[in-house]
Amino acid sequence: MSINSKVWFVCDGKKSQVNKELLREKYGVFFENQIVFHNKIELKLFYTYNNDGIVLGESLQDLVEVKKTTISKDSTDFYNRFGFIYPPYTVYEDIFVLTPYMRVSVNLPSVERVLNYPTVDQSFSLKDVEVSDLIKKHIQIEIAKSAANKLILFSGGIDSSVILGIVNEQEDNVEALTCHMPSFSSETTKSKSMCSEIQIPHEVIHIKNDLSQYAIEFLEQTLEPISDKISPVFGAILDSISPNKAKKSFTIIDGQGADSLFCGLPHDKVYDFYKKAEHLPFRNLLSYIPSLPRSNNNFRHTLYRICKALRALRFETPVEMLIDTLVEDSTTSICNENNVLVAMRSDLEQLNNRFDSFHLVIKYIFMFKILPCREMQKYDIARRKGFSIALPFLSPSFVEQCFYIDDSLLIRSNNYKYPMYKLAKKYWPSYFDNSKTSPFSIPYEVNNQDIRIYSLNKLQEIIDERS
């Protein structure tokens, strides 16, 4: 960084200069040798820069006030096609997000962004570790740090079932909360049965169809477009918690991150399917398979996934295959020179050249790029409402410890995230014959508009009002 440049932090509209000690102690952000860096998936920091230095902030709202910027066309085009905005870009011109394992080198007037990677723990061979035991021990340690009362977000799937089994084994004050999914009602029935089996309090919440108020609340508070479609649902779930439960001091525990960390994403399965079919003749003909819209209907959702997987086989490289599987709306167009798309493709190519396994590429992109800017939105809502959240699978030390676990330990006999499946079988032997579970899917409306269109229109309206 040049001699005269400084580091500023904006909070509640107030801009003040900070030093590297404060950044490290309060936020876990390292600022050394002109480089800003952190490794915390749960930490969301935005930044911009000018001739006076780099400006950091926890809220886009604060930085929009400082920068007086406009909405970016490249970002909105990417968002309309993919449903999220790939970091470091945000929806605004010249405002960026500092995601984990991205080193930002500041030599004003230029800023360079470089991918960084988890370190490899050489103290033991990961192949010699019983991974399921490692997971269990970590969850026990993380949960012990939380408030006395534990509230498990419980879908009846593998991840939440593992957490519930482990927590119930060592804690007394455990309750479960399930959001009813109309298209997957069997999951609610299963979750009721499991909670009854271990005799813990269990609340089932039914969400109303119109969630406009929660979408508006999120957009006005954050000035971010809604990327995690569960965010409005999450707000409604928190407001629907029974008064007696809400009066307690409890920690909400969720299993976010297990799919990404242990090769349990649909993209992991599509990649293996892609590898098996890479020598299939006439793969280009698969482009004629229709691109179906997402659906909350169980059968249509399955058909959507099958068609998406088959269409992905037409690509020559796994990088292009993965980009295609990330597309949410193929009816929208985007040019190849789009800055956000170029950044994502460049990162994927770099990761593909670095890692021997493409599953590591998928893991890296989701853990350190997509989760921080998409899935973390719902937990922002919870914290704004005053709730304490524990996400044991996103602990920085645990992520580093597990990141390079060999694929053969995570995928066995077509069971993905095998260590989690093994634990689920241990605690719930009657409920899991394989690692397949239903997606969390709640149908809702936001002013009868697509959530992306609504988000962008509302944000533009807010920006216009404030300018």
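**Cores, a burial and a helix crossing**

The largest nonpolar core has 144 residues, and Phe82, Tyr92 and Phe262 have the most contacts inside it. This is a predicted model, in which local features need pLDDT of at least 70 and side-chain atom pairs count only at pLDDT 80 or more, while totals for chains, interfaces and linings use all residues. Residues are numbered from 1 along each chain as its sequence is written, and side-chain values use heavy atoms, with hydrogens and water left out.

Q: What makes a set of residues a nonpolar core?
A: Its members are buried Ala, Val, Leu, Ile, Met, Phe, Trp, Tyr and Cys residues, joined through side-chain atoms within 4.5 Å. A second, separate core of 20 residues includes Val18, Leu23, Met102 and Val106.

Q: Why is Ser260 called buried?
A: Buried means under 20% relative accessible area, exposed over 50%, and partly exposed in between (1.4 Å probe, protein chains only). Ser260 has 5% relative accessibility, so it counts as buried.

Q: Which residues is Ser260 in contact with, leaving aside its neighbours within four places in sequence?
A: They are Leu265, Lys363, Phe366, Met367 and Leu371, where contact means heavy atoms within 4.5 Å.

Q: What is the handedness of the crossing in which helix 4 passes helix 5?
A: A crossing is right-handed if the near helix is turned clockwise from the far one by less than a right angle, and left-handed if anticlockwise. Helix 4 passes helix 5 in a right-handed crossing. The axes of helix 4 (residues 131–144) and helix 5 (residues 158–170) cross at roughly 65° and come within 10 Å.

Technical notes
Axes fitted to C-alpha atoms, helices over the stretch in contact; angles between N-to-C directions. Helix = DSSP H or I, 4+ residues; strand = E, 2+ residues; numbered from the N terminus.
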